[in-house]
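Try each task with the structure open before reading its solution.

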Amino acid sequence: MKSIKNFFNNIFKSSDSGAMVSKNRKTAYFFLLPNFIGFFIFTLIPVAIAFFLCFVRWDFSNPMRFVGLKNFTYMFTDQTFLIALKNTFFFTLVSVPSTMIISLGLAILLNKIIKGVKFLRTMYFIPYITSMVAVAIVWNMLYSPSMGPINNFLRNMGVNNPPGWTASTDWSMIAIIIMSVWKQIGYYMVIYLAGLQGIPSHLYEAATIDGANSWQKFRYVTLPMLTPTTFFVSIMLLIGSFKVFTQVMVMTSGGPGRSSNVLVYYIYNQAFVYNRFGYASAIAFVLFFIVLAITIFQFKKEEKWVNYT
Amino acid sequence: MSTTKKITVYILLLLGAAVMVFPFVWMLSASIKTNIQVFEYPIQWIPDNPQWQNYIEIWKQIDFLTYYKNTIFLTLVVTGLSLFTSSLAAYAFSKIEFPERNLLFLLYIGTIAVPFQVIMIPQFMIIRNIGLSDSLWALVLIQAFTPFGVFLLRQFFMSIPNELSEAARIDGLNDFGIFTQIVLPLAKPALATLAIFQFVFVWNDYLGPLIYLSSDSNKTIQLGIMKFMTQYSSDYALIMAASVVAVVPVIIMFLFLQKYFVEGIAMSGIKS
């Protein structure tokens, strides 16, 4: 983190001067140009326009109309938006902790063995690299309430009324969450595994000499030493979970009813189905600010619980 | 660790692995069944009369070949262009001293945090205005200049000691020579990581093609299997065969290059 602070301090400083600077500048721009043109037109300008679009009403065909903050005030009366917001928070609150706990657990188990690590790691990782569309289609069939293998299995185990999964308003979000957790745990397991391997073994030896049992070693050595990894993982997961889209689109289209509508799905629909580009942009900015606020909050709390050694 | 403990760990890990691969094995098995057999329970993993012709059928039912060609085109062009432009820019940000360096780099980092959903609408407007909507080039333009690639490579280039490039400069190499002969060869692992990330991202991307590609001749595999699913919604076996065909290339590539992939991820987790 120190390097980041230095970096900010150095932004406006430069040591060289004169002819050297102008020569370096020329070379630098030559190297930067191919990327910068694209970055400028397709990332930087859109960021500026996106901000401006939040305050207009516009559908492409009719002229743009400035509406001030109306897009934002309208949101609070828009039931679908509120449901999508609630569902997105629900998705985050359930999927982020479950992913963290399961992937940490798997990483700890995997760190205990020597033979077969690579093979098992590959098995766990495959869902992460495969296409969301394809696996969402497969899971939809697995979830099929009347014929799917999951409910057939549950009935065999004696569950008389298995859940309706994606076809039920009560279970659709849960179904999407289970599938999403399944898809990403392999990735976070690999990150945790790297974190675990970075813990010096003499710490465990010292704990053993002090008479610590395995729970105490986990609680007082592993967890504190892993906090930088946990910090990184939690930020990545939070940012990712607010952007959940494809699995919703493929598995439920936000339904049944509005039971699994989420923010990005709503933004997509408002913009590219109903052509409400201003309103969709405003919601996208709300999404951005939620993610930004949570990230900043985490960075502020960082010093309290993250140990850098 | 005692033997019983060891066995328990292995059993837990294997059970977990079984849950992870279950959907894939089920998909493979369903793809060579008849529609009636797909949902039979208990599951017959290998059907008595495998329907291999399902894999021929899907290419006839829908223009899979075009979707495949489009996806391969996009994946190669976007991955190639982003490696090319990102490595050049990363060199400027790591090895050349110029006054606006940090300020410009801050612009790059700042936009990484902005979600795609925020800029997708203005991007769509710009692409439409230059007349490229419903064209594969639209996706090339919005995906090939990713600030993430510049960031990733810049972090790696920074770890290459400046003494190396300075020594080469004394030997008479200019910046372009240092870039191609010193920095790029040393940065192979980072370039491989970026290439795999981009390959997997472009191949699997759904939202981008969904926004831009409307005519059938421009569609990618991800749109193709969705279309297939809506058109033949009760042809379960064929849908599974199509899904297998869509995921196999990425899985094969991953199995060959997983060393780079896993190391790249581990690196990004530690360096943060």
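The model is predicted.

**Exercise 1. Describe the overall architecture of chain B.**

Solution. Begin with the secondary structure: chain B contains 14 helices and 0 strands, so that its pattern along the sequence is α-α-α-α-α-α-α-α-α-α-α-α-α-α. Next, compare the radius of gyration, 23 Å, with the 19 Å that the globule rule gives for 272 residues; since the value is well over that figure, chain B is more spread out than a compact globule. The principal axes give the extent of the C-alpha trace, about 70 × 65 × 35 Å. Finally, consider the packing: 45% of the 272 residues of chain B count as buried, and, of the contacts with a separation of 6 or more, 76% are between residues 24 or more positions apart.

**Exercise 2. Relate the UniProt annotation of chain B to the model.**

Solution. The unreviewed UniProt entry places the feature "domain: ABC transmembrane type-1" at residues 68-257 of chain B. In the model this span is 79% helix and 0% strand, and its end C-alpha atoms lie 21 Å apart. The unreviewed entry also places the feature "transmembrane region" at several spans of chain B, including residues 105-124 and 236-257. Taking these two in turn, residues 105-124 are 85% helix and 0% strand, with end C-alpha atoms 25 Å apart, while residues 236-257 are 100% helix and 0% strand, with end C-alpha atoms 32 Å apart.

**Exercise 3. Characterise the side of chain B that touches chain A.**

Solution. First count the partners: 73 residues of chain B are in contact with 79 residues of chain A. On the chain B side, the largest share comes from helix α14 (residues 236-271), which supplies 14 residues. By class, this side of chain B has 58 nonpolar, 13 polar and 2 charged residues.

**Exercise 4. Classify A136(A) and W182(A) as buried, partly exposed or exposed, and place each in chain A.**

Solution. A136(A) lies in helix α6 (residues 132-143) of chain A. Burial requires 20 or more other C-beta atoms within 10 Å, and A136(A), with 25 such neighbours, counts as buried. Leaving aside residues up to four places away in sequence, A136(A) touches M179(A), T246(A), Q247(A), V250(A) and M251(A). One of these, T246(A), is 110 residues from A136(A) in sequence, yet the two C-alpha atoms are 8.4 Å apart.

W182(A) lies in helix α8 (residues 172-197) of chain A. With 19 other C-beta atoms within 10 Å, W182(A) is partly exposed. W182(A) and P127(A) are 55 residues apart in sequence, and their C-alpha atoms are 7.4 Å apart.

**Exercise 5. Where do S253(A), P256(A) and D134(B) lie, and what marks their backbone geometry?**

Solution. P256(A) is in the loop between α11 (246-251) and α12 (263-273) of chain A, and a cis peptide bond, with omega about -5 degrees, joins G255(A) to P256(A). S253(A) also lies in the loop between α11 and α12 of chain A; although not a glycine, S253(A) has a positive phi of about 50 degrees, and with 13 C-beta neighbours inside 10 Å it counts as partly exposed.

In chain B, D134(B) lies in the loop between α6 (116-129) and α7 (136-143). Its phi is positive, near 55 degrees, in a residue other than glycine, and D134(B) is partly exposed, with 14 other C-beta atoms within 10 Å.

Terms used: Residues are numbered from 1 along each chain as its sequence is written. Chains are lettered from A and ligands numbered from 1 in the order in which they are written. This is a predicted model: local features need pLDDT of at least 70, side-chain atom pairs count only at pLDDT 80 or more; totals for chains, interfaces and linings use all residues. UniProt positions are given in the numbering used here, feature names are shortened, and annotations may be inferred rather than shown by experiment. Helices (H or I, at least four residues) and strands (E, at least two) are DSSP runs, numbered from the N terminus. The radius of gyration is taken over C-alpha atoms; the globule rule is 2.2 Å times the number of residues to the power 0.38. A residue is buried if 20 or more other C-beta atoms lie within 10 Å of its own, exposed if 12 or fewer, and partly exposed in between; C-beta atoms are placed from the backbone. Two residues are in contact if their C-beta atoms, placed from the backbone, lie within 7 Å. Ala, Val, Leu, Ile, Met, Phe, Trp, Tyr, Cys and Pro count as nonpolar, Asp, Glu, Lys and Arg as charged, and the others, Gly among them, as polar.
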